[in-house]
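Subject: Structure for you to look at

Hi there,

Here is the structure I promised to pass on.

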Amino acid sequence: MTHFMKDRGRELPVPEGKTIGFVDNEEQLASIRHALGDAGYPDSAITSLHGREGIDMLERLRDVAFFGDWERAVADKGIAELELGHYSFAVAAKDRDEALRIADIVEPYGGHSINYFGKWVNEQLTK
């Protein structure tokens with residue numbers, strides 16, 4: 001079962017230590033969650049956004065003062081994806097190597113536009 005973050009006025013944390021990407025439909029998201037689970041990632045390490053609530057949370061995150069242009073562009077991409085009815089997912093990753101592993105796991109299931117937010121570097125991993 002897919003669980004989406006609920007808005008309730010909450011703020012999204014800065015995505016440090018996260019691999020973030022998008023899928024076009026809920027079936028793809030469910031497949032990604034299953035594949036990540038099989039690879040050892042607990043459901044608690046995966047968060048998802050969808051719909052108006054997700055858009056509202058991303059809009060608030062985008063406006064955080066310490067966000068740079070690149071991070072703001074990724075938030076804008078997320079808003080555009082959710083406006084199309086797509087889904088975002090974020091998976092905890094301790095470093096770039098783990099982020100690349102996550103990207104390799106999710107791409108066959110439709111994961112795209114995957115970015116890694118590290119402590120000192122942010123990087124687009126896939127188109």
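Please keep in mind that this is a predicted model. I began with helix α1, which covers residues 26-38.

Which residues of α1 are buried? They are Q28, L29, I32, R33, A35 and L36. Because these residues cover an arc of only 165° around the axis, they sit on the same side of α1.

What do the buried residues of α1 pack against? Their partners are the strands β1 (18-23), β2 (46-50) and β3 (87-92), together with helix α4 (96-106).

At its start, a side-chain oxygen of N25 comes to within 3.1 Å of the backbone nitrogen of E27. Just after the helix, G40 adopts a positive phi of about 100°.

Next, the sheet. It is open and has 5 strands in the order β2-β3-β1-β4-β5, with antiparallel pairing. The edges are taken by β2 and β5 (122-124); each has a single partner strand, so one side of each is left without a neighbour in the sheet. On average, neighbouring strands are turned by 20° against each other, direction ignored. Looking at one pair in detail, β2 and β3 run antiparallel and are joined by 5 bridges. In β3, A90 is the residue that stands opposite T47.

Is T126 buried or exposed? Its relative accessible area is 9%, which is under the 20% cut-off, so T126 counts as buried. Leaving aside residues up to four places away in sequence, T126 touches A103, E107, H112, S113 and I114. Two of these contacts involve backbone nitrogens: the side chain of T126 reaches that of I114 at 3.0 Å, and a polar atom of the T126 side chain lies 3.5 Å from that of S113.

Best wishes

How values were computed
Residues numbered from 1 in each chain as written. Predicted model: local features only at pLDDT ≥ 70, side-chain atom pairs only at ≥ 80, totals over all residues. Heavy atoms only, no water. Helix = DSSP H or I, 4+ residues; strand = E, 2+ residues; numbered from the N terminus. Expected span 1.5 Å × (residues − 1). Buried < 20%, exposed > 50% of the residue type's maximum accessible area, 1.4 Å probe, protein only. Arc of directions from axis to C-beta. Contact = heavy atoms within 4.5 Å. Polar contact = N/O pair within 3.5 Å; in protein donor to acceptor, adjacent residues only side chain to side chain. Pairing = 2+ DSSP bridges. Axes fitted to C-alpha atoms, helices over the stretch in contact; angles between N-to-C directions.
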